[in-house]
Amino acid sequence: FQYDTAGNQIYRGLNKNYISNSIENIETPIILSDESDKFWNKIKVYPVPVKDLLTISWTEEIDKMIESVSLYEHNTLYERIYRKNIPNINRQVQVDMTAYNAGVYILSFQLKDGKIHTKNIIKQ
């Protein structure tokens, strides 16, 4: 944090000197919006908003790229489901959300190359 002379916060973030001294040569995967759009065009998530059963399916083309699929409760980041992408899940996951609280959930796809694609899902 950085403050002005009156005590007002003017910057909130990481100490740039700390980052440059301690983290060098680490590559963070950056997902461009075009790349993310192409990925989500190959994923079907329905119905949204969801009341009972959420269905998540994907094409065979991106099946080889997916490491796992997770669903988190937004306000707590509590992991509700976790499915490793193995051949017997047949490119589809169904989640019974009847017992889940209404709110926003985060659907996350972890890819084998380390990239993560996320999308918000609303539960009524």
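**Reading the core and its surroundings**

Guide: Start with one residue. Valine 69 has a relative accessible area of 1%, so it is buried. Keep in mind that this is a predicted model.

Visitor: Where does valine 69 sit, by secondary structure?

Guide: Valine 69 belongs to strand β5.

Visitor: Which residues is valine 69 in contact with, leaving aside neighbours within four places in sequence?

Guide: Trp58, Ile81, Tyr82, Arg83, Leu107, Ser108 and Phe109. For a distance along the fold, take histidine 117. It lies 48 residues from valine 69 along the chain, and their C-alpha atoms are 9.8 Å apart.

Visitor: Let me step back. How many helices and strands does the chain have?

Guide: There are 3 helices and 9 strands. Read from the N terminus, the order is β-β-α-α-β-β-α-β-β-β-β-β.

Visitor: What share of the chain is buried?

Guide: Of its 124 residues, 28% are buried. The accessible surface is about 8,900 Å², and carbon and sulfur atoms account for 49% of that. Now the contacts. Count those between residues at least 6 apart in sequence: 53% of them join residues at least 24 apart.

Visitor: Which residues have the most contacts inside the largest nonpolar core?

Guide: The general idea comes first. In soluble globular proteins, nonpolar side chains tend to be buried together. Here the largest nonpolar core has 23 residues. Ile43, Ile56, Trp58, Val95, Leu107 and Phe109 have the most contacts inside it. Two or more core residues come from each of α2 (33-40), β3, β4 (53-58), β5 (66-73), β7 (92-96) and β8 (103-111). Strand β8 gives the largest share, 4 residues.

Visitor: Take isoleucine 43. Which residues is it in contact with, neighbours within four places left aside?

Guide: Isoleucine 43 is in contact with Ile56, Ser57, Trp58, Ile62 and Phe109.

Visitor: Now the helix. Which residues of α2 are buried?

Guide: An α-helix has 3.6 residues a turn, so residues three or four places apart point the same way. In α2, the buried residues are Ser36, Phe39 and Trp40. Viewed down the helix axis, they fall within an arc of 90°, so they line one face of α2.

Visitor: What covers that face, and what does the other side carry?

Guide: The cover over the buried residues of α2 includes β3, α3 (60-63), β8 and β9 (116-123). The face turned away carries Asp34 and Lys38, both exposed.

Visitor: Where is confidence lowest, and where is it highest?

Guide: Where pLDDT is low, the predicted coordinates should not be read in detail. The chain averages 79, and 78% of its residues score at least 70. Helix α1 (residues 16-22) has the lowest confidence, with a mean of 46. Strand β3 (residues 43-46) has the highest, at 93. Over residues 18-26 the pLDDT is below 50, and this stretch has 2 contacts in the model beyond near neighbours in sequence.

Conventions:
Residues numbered from 1 in each chain as written. Predicted model: local features only at pLDDT ≥ 70, side-chain atom pairs only at ≥ 80, totals over all residues. Heavy atoms only, no water. Buried < 20%, exposed > 50% of the residue type's maximum accessible area, 1.4 Å probe, protein only. Contact = heavy atoms within 4.5 Å. Areas by Shrake-Rupley, 256 points an atom, 1.4 Å probe, with all protein chains shown as cover. pLDDT = per-residue confidence, 0-100. Core = buried A, V, L, I, M, F, W, Y, C linked by side-chain atoms within 4.5 Å. Arc of directions from axis to C-beta.
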